[in-house]
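This report describes how secondary-structure elements are arranged and packed in one chain. The structure is shown first, and the description follows.

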Amino acid sequence: MNLIYLRYAVEVASAGSINRAAEKLCVDQPNLSRAIRELESSLGVSVFSRSPKGMKLTPEGEKFMVAAKSILREVDAAEKMFKKGSGRKQYFSLSSPRASYICRAFTDFSARFSSVPEVEAVYRETNSMRTVKNVLQGESKLGIIRYADGYDRYYKEMCEERGLVCELVAEFSPVLIMRANSPVATGEITEETLSSLIEVAHADPYVPTLPFDEVRREELPEAPRRIFVYERASQFELLAAHPDMYMRVSPVPADILARYGLISRPDPKERVYRDVMIYRKDYQLSALDKAFISELCRVRRETIPGR
């Protein structure tokens with residue numbers, strides 16, 4: 001029996017609606033409906049009765065839900081036992097925006113792995129929508145979401161509705177990074193002076209429930225020439241090779257800029273962004289989680305002073 005389907009069924013029963021459950025789980029509604037049908041088919045009973053008013057448990061579904069919740073409690077207890085027990089393998093997982101200061105924190109944090117007998121760590125760089133999904137579905141225990149300050153209320157309400165803790169990591173204004181011999185390395189920078197250059201940008205900004213075109217117009221307005229990248233390493237290779245390219249990013253540690261022969265300059269667009277740590281309210285931070293958060297705060301203080 002698929003444990004993910006069990007978790008889906010419990011959420012649908014709690015929400016009373018496929019649509020509400022899909023929104024809370026960050027799962028497409030058709031996929032969630034298909035999962036519930038497959039679960040019912042494997043059981044040979046109807047767990048839910050459907051009506052225009054929503055989904056209700058059938059008598060058989062009521063019995064099944066008691067068993068499902070018991071199974072999930074046992075699974076969660078077993079995971080905690082083996083993931084947190086003394087001498088057992090330790091696990092760490094994080095989904096985050098593509099930010100050099102966060103990567104530096106993870107790099108410094110990973111130095112402690114040499115003294116841990118068994119450890120498995122996963123570090124994913126992605127957008128905020130995917131981070132929320134990863135944390136809700138248990139693929140990442142910790143997440144860092146990035147959004148413009150205008151979305152602060154939206155994200156806080158969303159996290160509360162989905163049972164997520166959210167804690168501010170950093171607040172910053174983006175900077176421009178470019179080759180030291182860039183045409184705009186000195187002097188005043190305006191959108192007009194930048195229009196003669198090629199912008200490098202991450203291609204997948206996303207705010208849950210808002211149309212992608214709307215977010216893209218705000219985060220990535222039209223530009224004469226632009227290169228979209230998905231890998232952070234690619235952005236540095238491009239910028240280091242071409243003085244006529246630039247990129248808007250969160251502040252970058254000085255030694256990383258020096259490594260690629262880049263400089264940082266203020267962005268003429270005076271915007272403020274927030275990086276916020278999220279994790280499920282029913283999740284207890286591990287020793288590794290706390291150690292990473294400590295490194296993250298240290299690197300943030302060094303890279304984004306005064307914030």
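Strand β3 (residues 90–96) and strand β5 (residues 142–148) pair in the parallel sense, joined by two bridges. Within this pairing, Ser95 lies opposite Gly143 of β5. The model is a predicted one, and every value below is computed from it.

**The sheet containing β3 and β5**

Both strands belong to an open sheet of five strands with the order β4-β3-β5-β12-β6 and mixed pairing. The edges are formed by β4 (119–125) and β6 (164–172); each has a single partner strand, so one side of each is left without a neighbour in the sheet. On average, and with direction ignored, neighbouring strands of this sheet are turned by 15 degrees against each other. Helix α6 (residues 128–136) lies across β3, β4, β5, β6 and β12 (273–280), and its direction makes about 150 degrees with that of β5.

**The sheet containing β7 and β10**

Another open sheet of five strands has the order β9-β8-β10-β7-β11, again with mixed pairing. Its edge strands are β9 (226–229) and β11 (262–266), each of which pairs on one side only. Leu176 stands opposite Arg248 of β10.

| Helix pair | Axis distance | Angle |
|---|---|---|
| α1 (residues 3–15) and α2 | within 8 Å | roughly 125 degrees |
| α2 (residues 18–25) and α3 (residues 29–43) | within 9 Å | roughly 110 degrees |
| α1 and α3 | 10 Å | about 110 degrees |

How are α1 and α2 oriented to each other, oblique or roughly perpendicular? The axes of α1 and α2 cross at roughly 125 degrees. That angle makes α1 oblique to α2. The crossing of these two helices is right-handed. In the contact, Tyr8, Glu11, Val12 and Ala15 of α1 meet Ile18, Arg20, Ala21, Lys24 and Leu25 of α2. By class, the residues of this contact divide into six nonpolar, no polar and three charged.

The pair α2 and α3 is, by contrast in class, roughly perpendicular. The crossing of α2 and α3 is right-handed. Ile18, Asn19, Ala21, Ala22 and Leu25 of α2 come into contact with Gln29, Leu32, Ser33 and Ile36 of α3. This contact of α2 with α3 comprises six nonpolar, three polar and no charged residues.

For the remaining pair, the angle makes α1 roughly perpendicular to α3. On the α1 side the contact involves Tyr5, Leu6, Tyr8, Ala9 and Val12, which meet Leu32, Ala35, Ile36, Glu38 and Leu39 of α3. The contact of α1 with α3 has nine nonpolar, no polar and one charged residues.

Read together, the contact lists show residues that take part in two helix pairs. Tyr8 and Val12 of α1 meet residues of α2 and also residues of α3. Ile18, Ala21 and Leu25 of α2 meet residues of α1 and also residues of α3. Leu32 and Ile36 of α3 meet residues of α2 and also residues of α1.

**Salt bridges**

Side chains of opposite charge can pair when their charged atoms come close. In this model the count comes to 21 salt bridges. One of them joins the side chains of Asp255 and Arg104, with an N to O distance of 2.7 Å. This pair links distant parts of the chain: Asp255 belongs to helix α11 (residues 254–259) and Arg104 to helix α5 (residues 100–109), 151 residues apart.

Note on methods. Residues numbered from 1 in each chain as written. Predicted model: local features only at pLDDT ≥ 70, side-chain atom pairs only at ≥ 80, totals over all residues. Heavy atoms only, no water. Axes fitted to C-alpha atoms, helices over the stretch in contact; angles between N-to-C directions. Helix = DSSP H or I, 4+ residues; strand = E, 2+ residues; numbered from the N terminus. Parallel < 35°, antiparallel > 145°, perpendicular 65-115°, else oblique. Left-handed = near helix turned anticlockwise from the far one by under 90°. Contact = heavy atoms within 4.5 Å. Nonpolar A, V, L, I, M, F, W, Y, C, P; charged D, E, K, R; others polar. Pairing = 2+ DSSP bridges. Salt bridge = Lys/Arg side-chain N within 4 Å of Asp/Glu carboxyl O.
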